[in-house]
Amino acid sequence: HMVTVRYADGKGWYEPRVEARAPIPMDPAAAVLHYAQEIFEGLKAYTLPDSGVAMFRPDANAARFAESAQRMAMPQLPVETFLRSLHEIIKIDRQWIPQSDEGSLYLRPFAYASEVFLGVRPAMEYLYLVIASPVGPYFSGGVKPVSVWVTPDYTRAAPGGTGAAKCGGNYAAGLSAQAEAIENGCDQVVYLDAVERKYIDELGGMNVFFVLDDGTLVTPPLTGTILPGITRDSVIKLAGRAGHKVEERPVSLEEWRTGAASGKIREAFACGTAAVITPIGTVKSADSQFTVADGGTGEVTAALRKQLVDIQRGRAEDPFGWVHRVI
Ligand code: PMP
């Protein structure tokens with residue numbers, strides 16, 4: 001199925017519908033096709049041990065969707081409408097939720113400028129939709145460390161740009177960088193900051209953390225050029241509760257390289273909705289290559305991953321009230 005809600009200036013959001021998933025008619029002059037006024041979110045619905053169904057922190061996705069809308073000069077969708085749309089698609093497509101331990105129904109809410117108008121200004125008509133798709137576990141056969149390529153050529157986001165918004169344009173701009181990572185034998189791209197090209201920003205679709213030898217966690221700060229990941233925020237809160245010191249500060253590629261060599265940086269991991277927490281094994285850049293510790297999965301990384309997945313899946317206490325039951 002799909003959920004649709006329309007918007008027109010002066011009328012607001014109207015005509016919420018749940019209907020059979022089908023192609024959407026679009027005029028060739030629809031504003032989104034020309035100026036890319038489009039935003040989206042991604043989250044999962046999954047089965048709990050008692051056969052109920054839950055989502056993880058959907059209110060945080062709603063808040064980020066609102067922030068993205070603001071940056072892209074789009075109208076705000078009320079939080080209640082966002083949450084209701086997710087509830088409705090989950091209920092009607094419940095049979096598509098995998099029963100397996102780690103499978104889930106991936107939910108993709110998005111909105112775009114549907115107005116038929118070729119002038120460059122914010123559109124006055126929009127369409128909001130939700131589609132869903134079953135996904136298997138990200139890692140079949142156990143968590144495996146990823147290798148990353150630090151791109152010397154491409155920037156994901158610059159100060160004042162759209163890096164903190166979840167808009168399609170950011171991802172279109174990153175496709176060449178991801179292709180470059182694959183050509184260099186790596187799984188994922190890592191972006192450096194646009195100004196000094198020195199500090200680690202994030203991966204193509206994940207935020208990054210470093211674990212120091214004293215157990216401190218370090219992650220790049222939210223200065224507007226990286227996506228404020230919901231997994232990132234959850235890791236900060238969980239790690240703090242588990243007694244780790246957590247610092248949000250810039251980390252240069254040089255600090256990572258020398259820290260990995262000296263043992264000062266013991267582990268590094270990436271995090272996001274899709275893979276939850278993924279260890280980073282090998283780091284390659286134009287002029288260096290190194291591994292973090294022995295290139296395997298670190299202890300802190302494994303423990304945080306287990307804690308987070310157990311909370312999400314309803315196997316552990318939920319101290320922050322993150323699990324949002326739908327059924
Ligand atoms: N950074 C980028 C660029 C992403 O696309 C994602 C995935 N949404 C993340 C970080 C992680 O965000 P989250 O934990 O909310 O999935």
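Biologist: Start with the layout. How far apart are the C-alpha centres of domain 1 and domain 2?
Modeller: They lie 27 Å apart. Keep in mind that this is a predicted model.

Biologist: Where are the domain bounds?
Modeller: The domain assignment gives domain 1 as 2-135 and domain 2 as 146-312.

Biologist: And how many residues of each domain are in contact with the other?
Modeller: On the domain 1 side, 17 residues. They meet ten residues of domain 2.

Biologist: Which elements supply the domain 1 side?
Modeller: β3 (38-40), β4 (43-47) and α2 (58-71) each give at least two residues. The most come from α2, with six residues.

Biologist: How does that side divide by class, nonpolar, polar and charged?
Modeller: Seven nonpolar, three polar and seven charged.

Biologist: β3 and β4 came up there. What do they pair with?
Modeller: Both pair with β6. β3 and β6 run antiparallel, joined by three bridges. E38 stands opposite Y112 of β6. β4 also pairs with β6 in the antiparallel sense, over three bridges. There, A45 has L105 as its bridge partner.

Biologist: Is strand β6 mostly covered or open?
Modeller: Mostly covered. Strand β6 spans residues 104-113, and seven of its ten residues are buried.

Biologist: Switch to packing. How many residues are in the largest nonpolar core?
Modeller: 39 residues. V148, V190, F209, F210, A268 and C271 have the most contacts inside it. Strand β14 (residues 265-272) gives the largest share, five residues.

Biologist: Now the ligand. Which residues are around it?
Modeller: G42, E202, G205, M206, N207, L227, G229, I230, T231, R232, G272 and T273. The largest share of that shell, three residues, comes from helix α5 (residues 230-241).

Biologist: What is the class make-up of the shell?
Modeller: Three nonpolar, seven polar and two charged.

Biologist: Take G205 from that list. Where is its place?
Modeller: In the loop between β10 (200-203) and β11 (207-212).

Biologist: Why does G205 count as partly exposed?
Modeller: Because it has 18 C-beta neighbours inside 10 Å. Buried would need 20 or more.

Biologist: What does G205 touch, skipping residues up to four places away?
Modeller: G272 and A274. G272 is also in the ligand shell. As for C271, it is 66 residues from G205 in sequence, and the C-alpha to C-alpha distance is 8.6 Å.

Biologist: On to backbone angles. Which residues have a positive phi without being glycine?
Modeller: E15 has phi near 55°. R57 has phi near 50°. Most residues other than glycine have a negative phi.

Biologist: Where do those two residues sit?
Modeller: E15 lies in strand β2 (residues 12-19). R57 is in the loop between β5 (53-56) and α2.

Biologist: And E15, buried or exposed?
Modeller: Exposed, because E15 has 10 C-beta neighbours inside 10 Å.

Biologist: How about R57, buried or exposed?
Modeller: Buried. R57 has 20 other C-beta atoms within 10 Å. That meets the cut-off, because a residue is buried at 20 or more.

Biologist: Last one, W13. Where is it, and what does it touch?
Modeller: W13 is in strand β2. Leaving out residues up to four places away, W13 touches V5, Y7, L77 and T81.

Biologist: Why is W13 partly exposed?
Modeller: Because 17 other C-beta atoms lie within 10 Å of W13.

Biologist: And how far is W13 from K166?
Modeller: Their C-alpha atoms are separated by 21 Å. Along the chain, W13 and K166 are 153 residues apart.

Definitions and conventions:
Residues are numbered from 1 along each chain as its sequence is written. This is a predicted model: local features need pLDDT of at least 70, side-chain atom pairs count only at pLDDT 80 or more; totals for chains, interfaces and linings use all residues. A nonpolar core is a set of buried Ala, Val, Leu, Ile, Met, Phe, Trp, Tyr and Cys residues joined through C-beta atoms within 7 Å. A residue is buried if 20 or more other C-beta atoms lie within 10 Å of its own, exposed if 12 or fewer, and partly exposed in between; C-beta atoms are placed from the backbone. Helices (H or I, at least four residues) and strands (E, at least two) are DSSP runs, numbered from the N terminus. A residue is near a molecule or strand if its C-beta atom, placed from the backbone, lies within 6 Å of it. Ala, Val, Leu, Ile, Met, Phe, Trp, Tyr, Cys and Pro count as nonpolar, Asp, Glu, Lys and Arg as charged, and the others, Gly among them, as polar. Domain bounds come from an automatic or database domain assignment. Two residues are in contact if their C-beta atoms, placed from the backbone, lie within 7 Å. Two strands pair if DSSP finds at least two bridges between them.
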